[in-house]
Amino acid sequence: MPELSAGDTAWVLTSAALVLLMTPGLAFFYGGMVRAKAVLNMLMMSFLALAIVPVIWVLWGYTLAFDGTNGGLIGGLGKFGLDGVGLDSMHAAPIPEFAFVAFQAVFAIITVALISGAIAERASFRGWAIFVPIWLTLVYLPVANWVWGGGWIFELGALDFAGGTVVHINAGAAGLALALVLGKRIGWPQQPMRPHNLPFVLLGAGLLWFGWFGFNAGSALGANGLASAAFVNTLVATAAAVLGWLLVDVVKQKHSTTLGAASGAIAGLVAITPACAYVSPIGAIIIGVVAGAVCALCVGLKYRFGYDDSLDVVAVHLVGGIVGTLMIGLLATESFTGGPEGLFYGGGVDLLWRQAVAAAVVIVFSFVVAFVLGKIIDATVGFRVSEEEEVDGIDLNSHLETGYELTSTSAGPTRGVPAPAPARAETTQGA
Amino acid sequence: MKLVTAVIKPFKLDEVRKALEAFGVNGMTVTEASGYGRQKGHTEVYRGAEYTVDLVPKVRLEVLVDDLDVDQVLGVIAEAARTGKIGDGKIWVTPAEAVIRVRTGETGPDAL
């Protein structure tokens, strides 16, 4: 057991808090992109992930992901309810195991929340509430074990520093599956469903960028050179991706859009996530620019293939995750990895194929399980709101609230005068 | 009395308003509107999709005027709102049978 490092522990705990902030950030990033009548539902899907995942994480999440590995596929149940994790328990890095539990918990939250963007404005909240814990258990926990818990992808030697496969490819593939299960929104794609609050989108993107330093630099699990390099790579790849996306915007739309700038930042963050500790800052710029441009070109795919991935979870997270995961196979350099090298550094295709296998298996696994699970939920409790609820506004019907009360003459969410409060039987005077 | 209704390009509102004030019109009602005319809307590329924008943003301006002033008011609005490009808008006139100023109860041309 290593001796505890106060500096490392402080950084990992701080990073966990930074990563937690990403989910409310994501909620605003997504919430601004939907129409005004669905903003609360969009925010609530993220907040429900914030509510459900930590409870599961403590009960059976952490143990199934990180209590050893059974056949490289899933962890054990020895730490159910964090049994045996105490004040003195240490992680392999010189930090308390509790710090690692917290840091990994917030990763699980955002991964699940990411999926919600693909099914915006039409998913039944009850269906989502059932999907979240089951998908987390059946997909996220095994994949986290494969990559970070010593499972088969770890053994394969594929590199994923902070979650290109576990978080982004995983969520992107599940998002695609659910978008197919739920079907298109009414009126899509004939009606333009433009974002109702782009300042929210940029605010959310800014919070995500900020929190992502905890995500990537925090994944070093220490306050050290590796964390600092990951920090710089995260900064510069994201910047380059904004430029890459805006370039495509200007060529294709003749305008640089705020939605493009925000999405470009996220695409860059996604792509540099697996790679941030394995490439040089120049490599990070290349990954960022490629991710920004490729993701920008991919947002049109849903129109060509006819799936309503409402907020482009596929184009940004699945595609961005694939770009980052594969480009490690090109740009990884020994001075950062301490071993494996990518194709451009003379390492041949050895690393590249391992990266491709890891990406492909996670895509298929997450997609298939999410698709089957989505179908089962849809067939039993229903995974889509009624036509009336969707058109009138999912906020009012699912949550009895609306995001904006802009007129004093509107009847408001209760559509009428509030019922008078029941008369008190007695009043307590002078108490 | 007549009600003059003009649907114009939003950025021309200020110019039209100033021109009407200079002419001596004391009040008006302005609402945001959207619509299309002979040329229909236009197409726009956004976020990977091409949309037909059928309804173009417009401003709808309503002025009550005395019968004698109608032709001149029409001229003032048309002059100020014109860019010469498509989508400049339209102006029409409808008879207003009665007008009453709420505060004083004045009626007819006195209420204008």
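Two residues count as in contact if their C-beta atoms, placed from the backbone, lie within 7 Å. Among contacts in chain A between residues at least 6 apart in sequence, 76% link residues at least 24 apart. The model is a predicted one, with local features needing pLDDT of at least 70 and side-chain atom pairs pLDDT 80 or more, while totals for chains, interfaces and linings use all residues. Residues are numbered from 1 along each chain as its sequence is written, and chains are lettered from A and ligands numbered from 1 in the order in which they are written.

Chain A turns out to have 16 helices and zero strands (DSSP runs, H or I over at least four residues for helices and E over at least two for strands, numbered from the N terminus).

As for helix packing, H1 (residues 6-33) of chain A sits against H7 (residues 198-217) of chain A at about 155 degrees, with the axes 7 Å apart. H1(A) is therefore roughly antiparallel to H7(A) (an angle over 145 degrees, on a scale from 0 to 180 degrees between N-to-C directions). By class, this contact of H1(A) with H7(A) has 23 nonpolar, eight polar and no charged residues.

Between chains, the contact takes nine residues from chain A and six residues from chain B. The chain A side splits into five nonpolar, two polar and two charged residues.

Conventions: Parallel < 35°, antiparallel > 145°, perpendicular 65-115°, else oblique. Nonpolar A, V, L, I, M, F, W, Y, C, P; charged D, E, K, R; others polar.
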